[in-house]
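Please keep the sequence and the structure in view while reading.

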Protein chains: 2
Amino acid sequence: MVTLPFIISDSLDDQSVGASVVTIKDVARVSGLSTSTVSRVIRGDSKVKKSSRAKVQKIIKELGYRPNINAQALVSKRSHSLGVVIPQVSMPFFSSLVSGAEGAAKETHHPVLIVNAYGSEQAELDAIESLQQSRCDAIVFHSIHTREEKLVELAERIPGLIFINRLIAPFAHRCVWLDTNQGAQEATRYLLENGHTNIAIVTLQTPTQGAQAYVDGIKVALNHAGVTHQDLMIGRGSVDDMEGGKEAVINLLTMGAKFTAILAYNDTMALGVIHELIKRGVRVPEDVSVAGFDDSLIASVSIPQLTTMHCPIEEMANYAAKLAIELAAEPMSSGRTHLFMPHLVKRDSVKQIN
Amino acid sequence: MVTLPFIISDSLDDQSVGASVVTIKDVARVSGLSTSTVSRVIRGDSKVKKSSRAKVQKIIKELGYRPNINAQALVSKRSHSLGVVIPQVSMPFFSSLVSGAEGAAKETHHPVLIVNAYGSEQAELDAIESLQQSRCDAIVFHSIHTREEKLVELAERIPGLIFINRLIAPFAHRCVWLDTNQGAQEATRYLLENGHTNIAIVTLQTPTQGAQAYVDGIKVALNHAGVTHQDLMIGRGSVDDMEGGKEAVINLLTMGAKFTAILAYNDTMALGVIHELIKRGVRVPEDVSVAGFDDSLIASVSIPQLTTMHCPIEEMANYAAKLAIELAAEPMSSGRTHLFMPHLVKRDSVKQIN
DNA sequence: ATTCGTTTTGGTAGCGTTATCAGACTCAAA
DNA sequence: TTTGAGTCTGATAACGCTACCAAAACGAAT
């Protein structure tokens, strides 16, 4: 980082006293009505004469009045804002998530608070607590490290808390999740259809719920197709990024696995795999096919473009945000499940063999 | 989007009345002191006896008390939160920006509000207004479409408003920006050093401030090196994404431009260029070298990995956030400029010729 | 003991909004 | 004209906190 120390000698400020903000009282005074009536108009309460409503609305517009949401939050004990807790906004998957949630929140004029909570249960719990301090009542939470038991506790305490991309059985109706197992099956079937039977898996060393479902799904599809794997070829990476992908494929190679295709737990790992293979002179997809999972931005940007399972994370987050806002307004103890399906996106990293 | 309508019949909730939140009064009562003293402890006011302070802090911890920030904001007329306005979180460049700002805000316990403002001046102004309504006083604003005159107006009104990646001359000390011109020069020099003299530019149809600086920088470097371009080869795309990149290179090709290297205004456009070239059987970098700008995530993901100018957007945003928070606390009418330098990242998309 | 400065404390009045209740105004029916 | 049932409106008390001022409490110096 380079910051030039060039000083600009600026004139002094004119000390202009910032035009004091207009309050509900100003609107009341100007309109000749009481704050109560103005408040009713703001909140869309029906018990107000048409002419009064019109007058108040006119004055509000003229004065550029905006209710102070802090005061509203104070008295109503609800902030009308949406919190989003994710590991890292800068990762494409999560930034899509945030984007989806932001879209939903904007529709209902909810401000969006985001908190990065990376790497540990403590970070995740701290994030939730900081949102609570802001009296944020609707929360979309992408938890990775927090124990289910803790999450149950949180869900009991916070009616507007929605889990995304993770299933907490006792609160299934508060989870917006993806059928990773089915997705993995579909990806596997696609490889099988293309003649691949020697399929290796690239996944995480310490599998998350999703990673587990992914591997399970692949096994189901392989079994169902009658592909007998005396022992499954599984390469594991310690992290879910490109490095993890490289690590996993190196493992696979050093254990002498023979495969014509690789299924990777996510796009980033898949790209790590591809990079490592190409570095070793293995062509993708001519020698080995590779499929990812997520269909994140990088999938369509890479060369070859990645065949992958599209995970509708933006729509899921949009849905989750609406649900959170809804439940924050009126808690419900049960309801339907919110299950989304990934679907296959065929691009260039998988090739037909035989 | 597929949502399964599977209904879970859940037991009724136990109607547990959410343990009412502890307030400053509770702390005061339990500690046997007044709310004033407790408030002093919270705010770190020095005028409080050591023993009292210790006692209050103990009780606060025991009761799990957290100040209600809405009440604090109401009385202090400042929200102590940081707003971030960007075109789209889901774009890697901006999600890095958000991430940097979030990091800075977390240090000072400022919640982070994000607002997408895509595509128009109105969207950007609406975003700022929505933050104002939240009484958000520190704002980092990545403006693209708003006229400078409007931005000056905003800057005058909001002391904690910082512009990122755009220079507003009258408020230079409130801008955290990048020397794109120098960066473009450096990229150009690198191509020249590698023997390229027929260099084409890929940029935007309607150039933003940054795009203009980029093209200017290239011209400067070319002139300086004595490379005479009777007429510069410039291909223009209507948008700054892969499609825009493709569009621009197609323009270049159809106008019959002869080049051995392309400088693209950003990484995404550069990748669009590469995709289009490869599609047409032109090898990168063997036949044509391509360099990008930004060093966003995708630059290291593609094959070939992209040679590009690293733009330290995360550090810039971190710096901008700190500045915004600082200025919101105590406005200043002048100060130093905050200029960051991009630097070259050599990867695989540029090849030496001759 | 009295005085004085200094440190420490508590009481109270808001901040801008909403909820609640009671009061005032309609208008039709008696 | 009175009555009653609506419809509409306004006064007021919170919400949880901080700012301000005044009152204690404490020593040290007289």
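The sections below go through the surfaces near the DNA, the sheets, the helix packing and some backbone details.

The structure discussed here is a predicted model.

## The surface near DNA strand C

DNA strand C is surrounded by 25 residues. The closest of them come from both chains: A:Ile24, A:Ser39 and A:Asn68 from chain A, and B:Ser34 and B:Ser36 from chain B.

Four helices each contribute at least two residues to this surface, namely helix 2 (35-43) and helix 4 (69-76) of chain A and helix 2 (35-43) and helix 4 (69-76) of chain B. Sorted by class, the surface near DNA strand C holds 10 nonpolar, 12 polar and 3 charged residues.

## The surface near DNA strand D

Around DNA strand D there are 26 residues. Here the closest are A:Ser34 and A:Ser36 of chain A, with B:Thr23, B:Ile24 and B:Ser39 of chain B. Helix 2 and helix 4 of chain A, and helix 2 and helix 4 of chain B, each supply at least two residues of this surface. Its residues comprise 11 nonpolar, 12 polar and 3 charged.

## The sheet of chain A

In chain A, 6 strands form an open sheet in the order 8-7-9-10-11-14, with mixed pairing. Strand 8 (234-237) and strand 14 (343-345) of chain A are the edge strands, since each pairs on one side only. On average, neighbouring strands of this sheet are turned by 20° against each other when direction is ignored.

Within the sheet, strand 9 (residues 261-264) and strand 10 (residues 289-294) of chain A run parallel and are joined by 3 bridges. A:Leu263 stands opposite A:Ala291 of strand 10 of chain A. Helix 8 (residues 180-193) of chain A lies across strand 7 (199-204), strand 9, strand 10, strand 11 (307-310) and strand 14 of chain A, and runs at about 160° to strand 10 of chain A. Helix 9 (residues 209-224) of chain A also packs on the sheet. This helix 9 touches strand 7, strand 9 and strand 10 of chain A, and its direction makes about 170° with that of strand 7 of chain A.

## The sheet of chain B

Chain B has an open sheet of 6 strands in the order 8-7-9-10-11-14, again with mixed pairing. The edge strands are strand 8 (234-237) and strand 14 (343-345) of chain B, each pairing on one side only. Neighbouring strands of this sheet are turned by 20° against each other on average, direction ignored.

Strand 11 and strand 14 of chain B pair in the antiparallel sense over 3 bridges. In this region B:His310 stands opposite B:His343, a residue of strand 14 of chain B. Helix 11 (residues 267-279) of chain B packs on the sheet, where it touches strand 7 (199-204), strand 8, strand 9 (261-264), strand 10 and strand 11 of chain B. The direction of helix 11 makes about 160° with that of strand 10 of chain B.

## Helix packing in chain A

The axes of helix 5 (residues 92-107) and helix 13 (residues 313-329) of chain A come within 7 Å and cross at roughly 40°. This angle makes helix 5 of chain A oblique to helix 13 of chain A. Their crossing is right-handed. Residues making the contact include A:Phe93, A:Leu97 and A:Gly100 of helix 5 and A:Ile313, A:Met316 and A:Ala320 of helix 13. By class, this contact has 10 nonpolar, 5 polar and 3 charged residues.

Helix 2 and helix 3 (residues 50-63) of chain A pack at an angle of about 85°, with their axes 10 Å apart. Helix 2 and helix 3 of chain A are therefore roughly perpendicular to each other. A:Thr37, A:Val38 and A:Val41 of helix 2 meet A:Ser52, A:Arg53, A:Val56 and A:Gln57 of helix 3. These residues divide into 3 nonpolar, 3 polar and 1 charged.

## Backbone details

Most residues other than glycine have a negative phi, and most peptide bonds are trans. In chain A, a cis peptide bond joins A:Ile303 and A:Pro304, with omega about 0°. A:Pro304 lies in the loop between helix 12 (297-301) and strand 11 of chain A. In chain B, a cis peptide bond joins B:Ile303 and B:Pro304, with omega about 5°. B:Pro304 is found in the loop between strand 10 (289-294) and strand 11 (307-310) of chain B.

A:Asp294, which lies in strand 10 of chain A, has a positive phi near 125° although it is not a glycine.

Terms used:
Residues numbered from 1 in each chain as written. Chains lettered and ligands numbered in written order. Predicted model: local features only at pLDDT ≥ 70, side-chain atom pairs only at ≥ 80, totals over all residues. Near = placed C-beta within 6 Å. Nonpolar A, V, L, I, M, F, W, Y, C, P; charged D, E, K, R; others polar. Pairing = 2+ DSSP bridges. Axes fitted to C-alpha atoms, helices over the stretch in contact; angles between N-to-C directions. Contact = placed C-beta atoms within 7 Å. Parallel < 35°, antiparallel > 145°, perpendicular 65-115°, else oblique. Left-handed = near helix turned anticlockwise from the far one by under 90°.
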